Amino acid sequence: MNGKKLSKKWLYTFIGIAFVALATCTTALYHKEYIIAIGTGLVFGAQVINIIKWKRD
């Protein structure tokens, strides 16, 4: 993010990706697809970090 102000479009993008990743992770856990669940869980975590960084800037 390099200290630049990002538009709200980025926040909405981060939130959208986080929501889809969480839904995919939940579905993967339900179907016992643990590799997919781990991967999408990592994506969800990265998006939460992006949202926190966006709110700080």
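Is Phe14 buried or exposed?

1. Phe14 is buried: its relative accessible area is 9%, under the 20% cut-off. Keep in mind that you're looking at a predicted model.

2. Now look at Trp10. This residue is partly exposed, with a relative accessible area of 38%. That value falls between the 20% and 50% limits, so Trp10 counts neither as buried nor as exposed.

3. The two residues belong together. The count of aromatic pairs here comes to one, and Trp10 and Phe14 form it, with 6.0 Å from ring centre to ring centre and 40 degrees between the planes.

4. Where do Trp10 and Phe14 lie? Both are in helix H1, which covers residues 8-30, and they sit four residues apart, about one turn of the helix.

5. Stepping back to the protein chain, you'll find two helices and zero strands. Its radius of gyration is 13 Å, well over the 10 Å that the globule rule gives for 57 residues, so the chain is more spread out than a compact globule. The C-alpha trace spans about 40 × 15 × 10 Å along its principal axes.

6. On burial, 19% of the 57 residues in the protein chain are buried, and Phe14 is one of the buried residues. The accessible surface of the chain is about 4,500 Å², with 68% of it belonging to carbon and sulfur atoms.

7. One last thing, on contacts: taking those between residues at least 6 apart in sequence, 62% join residues at least 24 apart.

Technical notes: Residues numbered from 1 in each chain as written. Predicted model: local features only at pLDDT ≥ 70, side-chain atom pairs only at ≥ 80, totals over all residues. Heavy atoms only, no water. Phe/Tyr/Trp six-rings, centres within 6.5 Å; stacked < 30°, edge-to-face > 60°. Buried < 20%, exposed > 50% of the residue type's maximum accessible area, 1.4 Å probe, protein only. Rg over C-alpha atoms; globule rule 2.2 N^0.38 Å. Contact = heavy atoms within 4.5 Å. Areas by Shrake-Rupley, 256 points an atom, 1.4 Å probe, with all protein chains shown as cover.
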